[in-house]
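Here is a briefing on one helix and its surroundings, then on salt bridges. Keep the sequence and the 3D view at hand.

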Amino acid sequence: MVSLELLRADHADALLAFERENRAYFARTVPDRGDAFFTPDGFAARLGALLEEQHARVCRFHVVLGEDGELIGRVNLMDLAGGSAELGYRVGEQAAGRGVATAAVARVCRLAATDYGLTALTARTTLDNLASMRVLTRNGFTRVENTTVGGQPGLRYVRRSLDAARSAGR
């Protein structure tokens, strides 16, 4: 259904197009990235910084590709340290509601355990993002506390059993 690729410089054009196309859609549930992010120079600078973080093994950024190879989402692991990382993801409006986010998060949980040696992941979502809450719950995350996300009320989730994903082959 979907595949993940580690973010590369040659994803730049497709990724910027994806972010521009879905800007208003994403802004309904997550804080907007700001106008500078969507300019060619601003995006190139941000992408360069992300690739540097990935090269330093601080983060792992993935693009989600659909059946025809089109970029339909992102799944990121940030701040890898001490066996854990923070999960973040977004799926474009055209792919929403088709199980893409659930499948992509499941795949990155498996990668986190098998390829990146992680044992726990955390995630945050706003209270009004019910779809994201379902994705996290379906992937074995447990709600642990209230928090804020971009100044909005939210929830923090954790998944501590990444070894189960490794041994089950999920």
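Buried means under 20% relative accessible area, exposed over 50%, and partly exposed in between (1.4 Å probe, protein chains only). This is a predicted model: local features need pLDDT of at least 70, side-chain atom pairs count only at pLDDT 80 or more, and totals for chains, interfaces and linings use all residues. Residues are numbered from 1 along each chain as its sequence is written, and side-chain values use heavy atoms, with hydrogens and water left out.

**Helix 3**
- Helices (H or I, at least four residues) and strands (E, at least two) are DSSP runs, numbered from the N terminus.
- Phe-43, Leu-47, Leu-50 and Gln-54 are buried in helix 3.
- Those buried residues fall within an arc of 60° seen down the helix axis, so they line one face. The arc is taken from the directions from the helix axis to the C-beta atoms.
- The face turned away from the buried side carries exposed Asp-41, Ala-45, Glu-52 and His-55.
- Just after helix 3, Arg-57 has a positive phi of about 65°.

**Salt bridges**
- The structure holds eight salt bridges (a side-chain nitrogen of Lys or Arg within 4 Å of a carboxyl oxygen of Asp or Glu).
- Glu-19 pairs with Arg-74 at 2.9 Å, N to O. Glu-19 sits in helix 1 and Arg-74 in strand 3, 55 residues apart.
- Glu-19 is buried, at 0% relative accessible area; Arg-74 is buried too, at 5%.
- Arg-90 also bridges to Glu-19, with closest N and O atoms 3.1 Å apart. Arg-90 lies in strand 4, 71 residues from Glu-19.
- Shared partners join Glu-19, Arg-33, Arg-74 and Arg-90 into one network.
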